[in-house]
Amino acid sequence: MTFRFARHTNNLEPLKSFYCNVLGLEILGGFENHDGYDGVFIGKPDENWHLEFTKSAEIVEFNFGEEDILVFYPNSKLEYELLLEKLKHHSIQLIKANNPYWNENGILFLDPDGYRIALSHLKIN
């Protein structure tokens with residue numbers, strides 16, 4: 001099974017930059033003016049998941065809850081530390097999670113849309 005997380009945005013370019021330059025993901029594909037939508041697929045090559053962000057003339061009013069979180073599990077301590085350095089370099093502010101689990105098992109921050117992202121250190125080899 002393949003998994004895609006799709007979300008509409010007003011901020012396509014800042015999201016591309018954030019997920020690629022800060023989190024180290026890659027642009028896997030995209031489209032322009034497909035029935036009035038532009039979009040991008042972001043993830044890691046050869047994985048069975050990716051993120052899709054779309055933009056159109058419609059202005060999105062975001063309504064994310066505190067428990068709506070994308071969770072990323074780095075594969076090594078080095079990868080985790082490099083991601084922490086990128087967050088610091090890009091002045092990404094850490095936030096406190098509503099659920100104490102994420103405060104104990106990782107860090108939480110916001111993407112350019114205000115969606116919560118958790119970076120967990122649980123599965124580090």
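**Terms and their grounds**

Tutor: Along the sequence, the protein follows the pattern β-α-β-β-β-β-α-β-α-β-β. This is a predicted model, in which local features need pLDDT of at least 70, side-chain atom pairs count only at pLDDT 80 or more, and totals for chains, interfaces and linings use all residues. Residues are numbered from 1 along each chain as its sequence is written, and side-chain values use heavy atoms, with hydrogens and water left out.

Student: How many helices and strands does the protein have?

Tutor: The protein has three helices and eight strands; these are DSSP runs, helices being H or I with at least four residues and strands E with at least two, numbered from the N terminus.

Student: Where is Tyr73 found, and why is Tyr73 called partly exposed?

Tutor: Tyr73 is found in the loop between strand 5 (69-72) and helix 2 (77-89). Its relative accessible area is 36%; buried means under 20%, exposed over 50%, and partly exposed in between (1.4 Å probe, protein chains only). Tyr73 is therefore partly exposed.

Student: What share of the residues counts as buried?

Tutor: Of the 125 residues of the protein, 38% count as buried.
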